[in-house]
Amino acid sequence: MDFNDTLSIGMDDFSNEDVEIPEILPMMAVRDVVVFNYMIIPLFVGRPGSVEAVNEALDSNKLIMLVTQKNATKDNPDIEDLYKVGMVCMVMRTLKLPDGRLKVLVQAMSKARIKEFIRTEPSYQVSVEVIEDLEAVDVSVETEALMRSVREQTEKIMSLRGILSADLMMIINNIEEPGRLADLVGSNLRLKIEESQAILEESDPVERLKLVNNFLTKELEVSTVQAKIQNDAKEEMSRSQREYFLREQLHALQKELGDTDDRSQEIEDLIKKLKKTKMPKSVRKEAKKQIERMDMMHPDSSEATIIRGYIDWILDLPWKKSTKDMLDLVKAKEVLDEDHYGLDSVKERILEYLAVRKLNDSTKGPILCFVGPPGVGKTSLGQSIARAMGRNFHRLSLGGMRDEAEIRGHRRTYIGAMPGRIIQGLKTAGSNNPIFMMDEIDKIGADYRGDPSSALLEVLDPEQNDEFSDHYLNLPFDLSKVLFITTANMTHTIPGPLMDRMEVIRLSGYTLEEKLVIVNKYLLPRQIKENGIKASHLSIDDETITYVITHYTQEAGLRNLEREIGKLCRKVARKIAEGGRGPYAISERTLAKYLGPPKAIPEAEINRLEQPGLVTGLAWTEIGGEILQIEVNLMPGKGRLTLTGQLGDVMKESAQAALTYCRSRSKQLNLEEDYFDKHDLHIHVPAGAIPKDGPSAGITMATALYSAITQKVPVSKLAMTGEVTLRGRVLPIGGLKEKALAALRAGIDKVIIPELNKTDLIEIPKDIRSKMQFFPVKSMDQVVKIAFAEAEPAVAKKKK
């Protein structure tokens with residue numbers, strides 16, 4: 001605790017005469033501090049026993065006995081490790097910290113001695129007796145002289161330390177009680193624990209003040225010597241500067257004689273490197289200036305070290321060093337196809353960029369953003385693009401980044417300053433036109449240190465990143481040749497201005513057929529190689545791989561699928577290592593021996609009930625599309641609507657709008673006027689433990705309500721998605737491709753979609769469209785006709 005902080009805290013005027021101190025109290029051991037009377041002090045409590053003692057005090061009268069342990073390094077002190085005299089304190093305030101510790105503010109109430117240790121586990125509980133300090137009846141001349149000596153020495157010490165304050169001295173001068181003055185000054189002397197404890201245990205206020213006076217005398221001597229050392233250091237610095245100029249003169253003489261030292265050789269090496277390095281004129285001018293400054297400084301000074309690091313960064317950066325792009329489009333396409341199956345939209349965009357570069361080599365690099373579920377190959381795709389273009393590759397993870405200096409760097413005035421991650425990445429890549437991948441841009445954060453996403457606005461803007469200025473370098477660096485690629489699982493967490501600067505390319509996931517090809521072409525050969533076996537050691541057919549995909553994974557990407565394939569290879573590797581010869585044939589019948597029981601039941605194999613009030617919807621999540629079962633039950637009641645399944649506000653509003661639509665069709669349904677006043681409706685969306693929200697379940701809820709009211713059963717293998725309005729209009733939704741893939745995985749071949757989403761069908765692969773029927777609708781009346789088997793034209797019909 002700081003000296004003046006303790007004075008201001010210690011002089012808080014309070015009364016403890018009305019507080020009754022019980023005989024039995026919880027006890028807590030403190031380290032590196034002795035608590036004196038009249039003190040208010042913050043403590044950090046982390047040991048389990050100490051936390052338990054504080055909680056016990058809070059549960060009773062907030063009083064706790066604090067004693068100092070003799071050895072501060074001991075985490076679990078025994079009884080003999082504790083002093084017996086301490087302070088009874090009142091717990092005034094507590095704060096639980098994120099790391100589990102407590103921050104406690106305590107107020108010293110009375111000095112006490114431990115009579116008996118009643119309990120040692122889980123926390124100490126002791127019997128105490130209060131120690132009443134003797135009162136100084138008459139302040140004698142000797143005592144007054146002692147108090148004046150203490151005040152004067154305290155003032156001198158504060159003056160030597162540079163913390164002298166008129167307010168503090170006024171507080172000290174106003175204290176007339178010897179004991180209180182001794183406690184206040186003694187608590188701030190930075191004494192050893194044994195010495196502070198000796199002051200605490202002294203009951204006679206005059207004797208206690210004498211002890212403090214002795215320690216003050218010793219502290220004054222130390223502070224005087226310390227001030228003298230500082231003055232000597234300043235004189236030494238002046239002497240060092242004089243020696244530096246003499247040394248430089250000697251250096252000039254040595255240069256004339258041809259006898260150079262290590263320092264001059266270092267400067268010459270830097271100048272040679274500067275001449276060889278290609279860089280803009282302004283950068284070369286600044287680098288030369290800094291080398292000249294460094295040459296004028298003492299080699300052991302701290303500033304010389306900082307300037308040397310700055311010069312190294314300037315000379316190591318690839319200001320004008322570029323790799324030559326491979327502009328052979330045919331070969332580039334072969335590389336992309338070799339590394340990834342499918343993903344045609346991404347490959348097409350890269351080939352377009354290469355074509356433009358071939359015709360116009362001054363074009364700026366695009367800012368691409370790959371958005372898709374985990375495991376679809378966003379990061380590995382960046383590496384393939386670098387290989388196809390013949391460029392260097394650097395990856396930067398933005399997930400959890402909260403400090404703006406991570407992007408722009410620290411200013412050189414700070415100790416340990418260094419450039420931001422952008423400049424560091426370019427130095428690592430070794431060229432000024434690498435493929436620079438920024439992963440997890442949707443998970444970037446912000447706090448009191450700044451907003452990294454705002455700093456990225458300059459980096460990811462082709463119109464202004466040709467003069468990107470890092471705080472550390474304070475020199476413009478051209479980023480326009482860099483091909484930036486960002487990745488994200490979702491877009492709604494990316495700030496709007498940042499989103500506006502990027503060209504979004506969506507990777508929706510893989511179909512069953514695509515996964516089968518990827519396993520045979522990429523995953524299985526890679527896992528065979530990584531696990532040290534040969535292709536001849538195991539045999540697995542397409543039907544078994546398909547079973548693994550459908551019964552052991554449930555994902556849009558490939559990560560879990562590769563883990564399962566790797567597990568198969570490890571099992572075979574163990575058999576080979578134990579002396580087996582193989583080949584080991586893996587089939588659906590023997591698959592459980594290798595991977596255990598199936599971890600997922602395909603939606604297509606679930607026996608869905610076909611009954612009134614049960615309708616299938618489609619939802620989009622950050623890990624791909626999902627099907628959504630919506631159930632409605634109708635029962636006699638008073639017109640209440642119950643919604644369950646952890647629905648968000650938007651889904652609740654969709655349910656209200658769906659009910660309003662059904663009530664507006666009462667006449668067409670031949671319902672009594674008071675039908676809805678005599679029946680309760682319950683809408684449930686499994687699974688109940690998963691929160692759900694979004695507008696795209698509107699027509700599904702309306703159809704389920706309609707089905708429950710009319711007791712009509714919807715047609716089989718039908719799903720739908722779309723937002724509904726009070727007037728029954730069907731509004732567009734997003735994520736149609738992901739939802740279509742989810743429907744196909746679930747064995748659904750008929751999907752009702754909004755009319756305005758009809759143009760989105762082109763994004764769905766032809767092989768998927770050929771297996772499904774899509775029904776574009778404008779109103780709920782059309783939805784009802786299709787859902788209950790009344791004819792309606794489809795966009796794509798299932799092949800026969």
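Student: Which strand does E13 pair with, and in what sense?
Tutor: In this predicted model, strand E13, residues 503–506, pairs with E7 in the parallel sense, and 4 bridges connect them.

Student: And which residue of E13 stands opposite Val371?
Tutor: That is Arg506, which stands opposite Val371 in this pairing.

Student: What about E12, how many bridges join it to E7?
Tutor: There are 5 bridges between E7 and strand E12, which covers residues 483–488, and the two strands run parallel. Within this pairing, Ile367 stands opposite Phe484 of E12.

Student: Is E7 itself mostly covered or mostly open?
Tutor: Strand E7, which spans residues 367–371, is mostly covered, since 5 of its 5 residues are buried.

Student: Which way do its side chains point?
Tutor: Ile367, Cys369 and Val371 point one way from E7, while Leu368 and Phe370 point the other way, and all of them are buried.

Student: Switching to the surface, which residues gather in the patch of negative charge?
Tutor: The negative patch on the surface brings together Glu132, Glu135, Glu176 and Glu177.

Student: Where is Glu135, and is it buried or exposed?
Tutor: Glu135 sits in the loop between strand E6 (124–130) and helix H3 (141–161). Its relative accessible area is 73%, and because exposed means over 50%, Glu135 counts as exposed.

Student: Okay, and which residues form the positive patch?
Tutor: Lys272, Lys275, Lys276 and Lys288 form that surface patch. Helix H8, residues 262–276, gives the most to the positive patch, with 3 residues, and Lys272 lies in this helix.

How values were computed. Residues are numbered from 1 along each chain as its sequence is written. This is a predicted model: local features need pLDDT of at least 70, side-chain atom pairs count only at pLDDT 80 or more; totals for chains, interfaces and linings use all residues. Side-chain values use heavy atoms; hydrogens and water are left out. Buried means under 20% relative accessible area, exposed over 50%, partly exposed in between (1.4 Å probe, protein chains only). Two strands pair if DSSP finds at least two bridges between them. Patches are made of residues with over 30% relative accessible area and no salt bridge: like charges are joined within 9 Å, nonpolar side chains (Val, Leu, Ile, Met, Phe, Trp, Tyr) within 5 Å. Accessible areas come from the Shrake-Rupley method with a 1.4 Å probe; for residues, only the protein chains shown count as cover. A salt bridge is a side-chain nitrogen of Lys or Arg within 4 Å of a carboxyl oxygen of Asp or Glu. Lys and Arg count as positive and Asp and Glu as negative; His and the chain ends are not counted. The place of a charge is taken as NZ of Lys, CZ of Arg, CG of Asp or CD of Glu.
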